[in-house]
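Let's take a walk through a structure together, one piece at a time. Have the picture ready and follow along as we go.

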Amino acid sequence: MKKMVSFAVGAMLAAAMSVSVCAQPVEEVIRQAEEMSLQELYQKAIEESDGKRFDAVGNSGRGQIVLPLLVEELQKIDPSYRLDYEGGWQQPKENKIFDQLTEDIEGSNHIMSMTLIQDGNQVKSKMMDTGLLLNFVPKDWREAEGVARDGNENPLVVQTLNKVFMFNNQGKKTWKNMWDFVRDGEAPLFMGVNSEPINKNFLYMMTDDEYAAIAKEAYEAWDGKNKEYDDLIEDMKLDAEDLGLEGENVQYSLAWDCLWCEKYNAQTDDAPICNTLASASAKDQTGLLVYSKIRNIEETAQSSVNNITIAAYQDDYVGIGGFAYKHYLMIPKTSPLPWTACAMIAFMTTTREGFSPWGKDMGGYSPNPVCNQDHSKDGGDQFPAKNDRGYDWWIHQGKLVVEDPAYCASVSGAMSDWIDGIVADR
Amino acid sequence: MSKPKAGRSGFLKPVQNRIRTFFSKPQNVILLVLGIVLTISTIYPMLTIVRDTIRLHPGSIDASANAAASQKELLGTTVTGYNWTNLFTDTITTRVGRRRVTQSVASVYLWTPLLNSVLVSVFACLGAILYGGIFAYLVTRTDLKWKRYLSSVFIFPYIMPQWTLAMLWKSLFNSNAASGGSDGLFASVLGLYLPKWWCEGLFPVSVVLALHYAPFAYILIGGIFRNMDASLEEAAMILNTPGWKTFLRVTLPLVKPAILSTVLLVFSSAMGSYPVPHYLKLNTLSTQYVEMNASRAGQASILAVIMMLFGFLILIINQRTTSGRANYTTVTGKSGQRSLVKLGAAKYVLTALFTVLTMMTGILPVVMFATETFLPNPGDYSFLTHGLSGNTTLKWWVTREPAAESGMYGQKGILFNPQILNAFKGTFFLAVACALLAGTIGLLIGYCVSKNRRSKWAAYVNQIAFLPYLMPSLAVGAAFFVFGSSAGIYNTFLLLILAGTVKYIPFASRSALNSMMQLSGEIEEAAIIQDIPWWKRMLCIVIPIQKTSIISGYLLPFMTCLRELTLFMLLCGQGKIITTMLSYYDEMGLYAFSSGINLILVVLILIINTLVNLLTGASIDSGISGSGENRKKKNSNCSG
């Protein structure tokens with residue numbers, strides 16, 4: 001009996017140790033990998049994953065395009081290297097990426113080696129605070145010249161994307177101020193705040209001091225302001241108190257958020273919004289959508305990129321030009337191929353080739369300038385809306401509202417219901 | 001010492017004999033095994049979703065309320081009543097019409113979607129019964145023209161993925177003036193601007209779902225009309241009863257079971273529909289479930305539980321109204337007489353009317369799908385106003401190098417797209433697996449229940465097998481999602497096959513049960529006397545005789561699986577099967593891809609249905625109704 005008990009205890013201890021051994025190396029691998037160059041990581045990846053299966057999950061399907069590029073790089077070192085990645089890059093629907101990752105990490109069968117994930121709020125509260133996903137910052141990225149480390153390091157950002165205000169210019173109305181988009185009679189086309197949660201993050205971020213100040217400045221410069229709006233803004237001080245927001249100008253942001261939620265016309269995706277705005281019949285329609293979508297319009301008698309004006313590109317435009325959200329690269333704490341994941345992340349964030357699936361198109365910006373391509377002349381004189389003015393312009397002149405996971409997570413608990421209440425009543 | 005032994009042996013022997021006798025009958029063994037398996041596969045996923053309502057979800061509202069514990073600790077925490085108490089008792093302060101108001105949480109997240117779901121389900125039932133029922137009457141009991149053609153085209157909306165009609169509705173009726181955005185076909189070509197309530201919300205959702213499910217009503221009600229004893233109506237006529245009175249007092253009561261069956265089937269299906277309300281902008285329990293998942297995961301599961309309760313309610317109603325034996329597709333009369341009502345001049349008017357209606361719901365979508373695949377931009381009908389040249393394209397079909405064409409979003413043309421091909425393969429594999437499993441299990445249930453008609457266990461197995469059908473698809477999907485995630489089989493074919501099989505067993509079991517009920521026991525008894533083993537009796541006697549109904553029992557899960565989205569959308573990534581891929585393209589506004597896939601799907605289903613029909617006589621219609629002409633022909637053969 002004693003033997004049986006000691007055997008059982010031994011077995012349990014061994015099982016427990018094997019779990020901790022499995023969990024430990026990923027953190028340890030990351031610690032070591034952060035001190036290695038890209039070439040050293042390639043070597044480690046070859047040793048680890050030759051002939052094995054690589055699975056990952058991402059909000060952007062383009063991760064699938066990076067995998068063969070990485071394999072090509074590794075084969076330059078070892079021509080016999082093989083990686084089985086066919087169909088291994090999954091793109092779950094309906095915000096299920098968080099559930100899928102959680103179950104993969106907490107379950108007994110771990111297959112996900114890395115993730116490309118968006119929605120800083122959920123990344124922070126569901127993945128980072130719980131320790132399910134680990135951050136890896138490549139040495140070459142840290143040491144590269146001109147890298148925008150601030151706000152892009154933890155979690156590591158592979159790209160920042162912008163959603164910008166646009167309007168169909170075939171009508172007579174004009175939009176010269178961020179408040180024009182929420183004046184009476186407007187119904188801007190926008191993906192729902194809950195169908196793509198980064199859109200809700202934008203509304204959270206609006207209450208940050210920096211953007212509240214812009215909202216106030218824009219309101220004061222707005223020719224449409226009147227007593228009704230003044231009263232609403234004043235009244236929003238009570239809401240700010242309820243929501244625990246203490247910024248000096250936060251009432252301006254809340255008023256803008258409230259009007260936006262009341263008015264936006266929910267659509268299933270940014271692509272159909274773009275197609276709509278490009279149509280000659282969509283007179284006086286506006287939208288807030290991913291900038292790069294306009295590259296997909298084919299010129300016909302009915303549709304043209306020239307039917308669209310990018311609001312912030314107008315010289316006399318006042319206020320925010322849209323918002324920026326980010327794609328983060330992270331490693332599950334149970335990653336079966338952590339070295340390969342580190343090599344892939346380093347490849348994507350420190351080389352032009354690795355970032356090319358995103359970098360080749362306008363509207364997606366790596367914090368590492370080495371990776372970015374110039375799109376400032378994509379449209380030439382014929383289609384000026386396609387001439388991307390670049391990350392720096394958008395952040396400073398275009399005044400994009402930039403997602404900050406920590407801030408979103410800190411206000412989402414209270415603000416989410418407030419927003420849902422307004423949306424439900426529309 | 002020997003007495004008690006003898007006593008025990010005396011007590012055990014009859015029990016042993018009874019057990020031996022019980023297990024000597026294959027139907028008993030099968031029922032026992034299937035009862036246990038189905039109870040686990042049906043009830044366990046449901047229990048997991050109930051459990052999910054009392055779990056803590058890091059990053060969700062229930063976790064915020066437990067802020068004292070760190071997020072890491074929350075992962076291990078199991079029980080909380082917060083989701084229930086918060087949803088039903090708490091309030092939030094928000095803005096309604098820009099006024100500050102304090103509302104209950106339920107009024108923001110529950111009551112409106114619940115009301116909308118119930119209204120949509122009721123209107124979809126009414127619409128399906130009226131449209132399908134009238135059509136069934138005209139086809140089976142009158143001298144309407146072109147019956148064969150109309151009958152074939154009428155079931156097209158059921159064959160197509162349900163949201164394709166919703167997409168069609170949008171591209172026809174949307175307008176800058178009413179729904180915002182660009183003009184649809186009616187506005188741009190005809191200059192006809194319809195009001196907003198027509199373009200989005202309760203009305204179009206109800207109409208689209210009614211059109212999608214009208215073939216149900218047609219097949220179920222038509223099955224009874226087709227076999228109804230005309231002498232009953234003739235007797236009324238001889239007694240000088242007015243036509244309307246005959247209809248109300250004689251005809252209608254006879255089709256009442258079929259109407260009730262339609263209500264039962266359509267109500268839960270409409271309630272569980274996600275894509276139609278999603279695309280036509282109505283907030284229902286299904287859409288709310290998906291929207292709440294990010295920040296209120298536990299409460300989203302409560303919505304799924306509420307949808308399931310509707311399923312249970314419908315099951316109880318079904319049981320009450322069918323008196324234990326769930327004969328919802330029963331053909332009540334078998335008359336040799338059938339006289340057709342002469343419509344006179346109305347015959348031509350009604351033929352024209354239904355030709356137009358079926359064209360709109362059956363042919364037009366197919367034409368629109370085909371057209372969409374040649375448009376340069378989604379919904380860009382420039383070719384209608386400016387000619388074909390430069391305003392049409394083949395790029396959606398034949399592009400091999402997506403970077404060279406605008407608007408392809410990195411996708412190759414449909415004919416060369418490996419993702420679409422893989423998704424088709426996945427769907428085909430899933431449909432075949434579900435059809436084989438559901439069809440076989442359904443056949444066994446049908447057979448065994450018909451052999452043990454008075455057994456309570458058989459009745460239980462029959463009900464538990466039917467239960468998933470009465471559950472809204474999204475609720476079943478949500479239950480299997482929670483179950484699959486915790487079992488580590490999310491995004492695997494195993495989970496999809498499991499969910500599909502459980503959901504589609506009712507198709508096969510009902511079809512099989514109805515056909516087995518008509519088999520005379522004498523046929524098998526003769527074989528039993530000759531000591532022919534059970535499996536041989538099944539393969540050589542039972543299955544060949546009822547092969548048409550049995551094949552229909554396989555065909556229906558197969559067809560339904562091919563175009564199912566709501567059930568599977570929570571269970572896998574978007575590239576796994578063709579409907580999730582299709583939905584992805586629709587979401588992305590890549591209507592050319594989704595239309596092309598739809599076109600291929602519809603043609604594929606029609607070809608398979610026609611082939612199976614030609615080879616075996618089985619078809620979708622006979623599968624749903626479990627009745628029809630084939631049945632009538634067979635009855636004379638099977639009664640011994």
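Let's begin with chain B of this predicted model. Chain B has 640 residues, and 54% of them count as buried. Its secondary structure consists of 32 helices and two strands. Now think about which parts of the chain touch each other. Taking the contacts in chain B between residues at least 6 apart in sequence, 75% join residues at least 24 apart.

Next, see how chain B is divided. Domain 1 covers 2-108, domain 2 covers 110-372 and domain 3 covers 417-640. If you mark the C-alpha centres of domain 2 and domain 3 of chain B, you will find them 22 Å apart. Where these two domains of chain B touch, 40 residues come from domain 2 and 40 residues from domain 3.

Let's look at the domain 2 side of that contact in chain B. Several helices each give two or more residues to this side, among them H10 (163-173), H13 (202-227) and H15 (243-271) of chain B. The largest share, ten residues, is supplied by H18(B), the helix that spans 297-321. Sorted by class, this side of domain 2 of chain B holds 24 nonpolar, 13 polar and three charged residues.

Finally, turn to chain A and find strand S2, residues 55-58. S2(A) pairs in the parallel sense with strand S5 (residues 112-118) of chain A over four bridges; in one of these pairings, A:Asp55 has A:Met112 as its bridge partner. S2(A) also pairs in the parallel sense with strand S4 (residues 89-90) of chain A, over two bridges. There, A:Val57 is partnered by A:Gln90.

Note on methods:
Residues are numbered from 1 along each chain as its sequence is written. Chains are lettered from A and ligands numbered from 1 in the order in which they are written. This is a predicted model: local features need pLDDT of at least 70, side-chain atom pairs count only at pLDDT 80 or more; totals for chains, interfaces and linings use all residues. Two strands pair if DSSP finds at least two bridges between them. A residue is buried if 20 or more other C-beta atoms lie within 10 Å of its own, exposed if 12 or fewer, and partly exposed in between; C-beta atoms are placed from the backbone. Two residues are in contact if their C-beta atoms, placed from the backbone, lie within 7 Å. Domain bounds come from an automatic or database domain assignment. Ala, Val, Leu, Ile, Met, Phe, Trp, Tyr, Cys and Pro count as nonpolar, Asp, Glu, Lys and Arg as charged, and the others, Gly among them, as polar.
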